Amino acid sequence: MRSHAPEFGEGTVNARTLERIRYGARLARKSGLPVLVSGGAPQGGTAEAEWMKRSLQEDFGITVRWVEAASLDTRENALLSARILHPEGLRRIALVTHAAHMRRAEAWFKSAGFEVLPAPTAYFTDKHPDDAEDSQPGASGLFLAAAPSMSAAYAGWYAIHEWLGLLAFRLSS
């Protein structure tokens with residue numbers, strides 16, 4: 001979450017959450033399926049799900065049917081979402097999350113009794129080099145392409161985060 005966003009009058013979703021809800025809004029609009037948002041407030045304050053609901057409705061015109069605002073991690077996202085959806089007979093879901101997080105999220109939601117249709121977004125990979133507009137960069141282009149970047153650092157951090165999460169999943173199941 002982004003707690004200091006004066007242009008919104010208070011806090012709002014952060015860039016990573018926005019990537020997910022933007023794709024979720026697109027899927028909801030195309031499919032007509034109802035939307036559940038899931039996410040608590042690990043550091044207190046307003047739950048992530050409440051911010052997601054607000055953004056989906058105000059920024060994308062998507063009505064959110066269910067809000068699960070108590071979960072503190074992916075495991076709880078799945079279990080608490082099941083408590084909401086299973087009594088309504090809903091067991092088949094489209095799961096929207098980051099591509100790097102999908103494997104772990106899908107495992108938790110399946111273990112909570114869902115049939116999961118993965119809907120990943122925000123891939124870290126670029127187009128295949130053969131598809132690039134300029135496949136013959138000059139020396140400076142080759143250097144910049146090989147140099148470390150903030151995107152690469154973030155992708156590395158995210159990969160480690162997900163590997164540790166998968167390890168935790170395996171140890172707990």
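User: Why is Glu106 called buried?
Analyst: In this predicted model, Glu106 has a relative accessible area of 18%. Buried means under 20%, so Glu106 is classed as buried.

User: What makes Lys110 count as partly exposed?
Analyst: The relative accessibility of Lys110 is 46%.

User: Why is the contact of Lys110 with Glu106 called a salt bridge?
Analyst: The closest N and O atoms are 3.2 Å apart. The criterion asks for a Lys or Arg side-chain nitrogen within 4 Å of a carboxyl oxygen of Asp or Glu, so the pair qualifies. Both residues lie in helix α4, four residues apart, about one turn of the helix.

User: How do you know that α4 is largely enclosed by the rest of the structure?
Analyst: Seven of its ten residues are buried, which means that the helix is largely enclosed. Among them are Trp108 and Phe109. Helix α4 (residues 102–111) also forms a right-handed β-α-β unit with β5 and β6.

User: Why is Arg65 called exposed?
Analyst: Arg65 has a relative accessible area of 52%. Exposed means over 50%, so Arg65 is placed in that class. Its salt-bridge partner Glu88, with the closest N and O atoms 3.3 Å apart, is partly exposed at 42%.

User: What makes Arg20 and Glu48 a salt bridge?
Analyst: Their closest N and O atoms are 2.9 Å apart; the limit is within 4 Å, so the pair qualifies. Arg20 in helix α1 and Glu48 in helix α2 are 28 residues apart, and the pair links distant parts of the chain.

Technical notes. Residues are numbered from 1 along each chain as its sequence is written. This is a predicted model: local features need pLDDT of at least 70, side-chain atom pairs count only at pLDDT 80 or more; totals for chains, interfaces and linings use all residues. Side-chain values use heavy atoms; hydrogens and water are left out. A crossover is right-handed if, with the strands pointing away from the viewer, the path from the first strand over the helix to the second runs clockwise. Helices (H or I, at least four residues) and strands (E, at least two) are DSSP runs, numbered from the N terminus. Buried means under 20% relative accessible area, exposed over 50%, partly exposed in between (1.4 Å probe, protein chains only).
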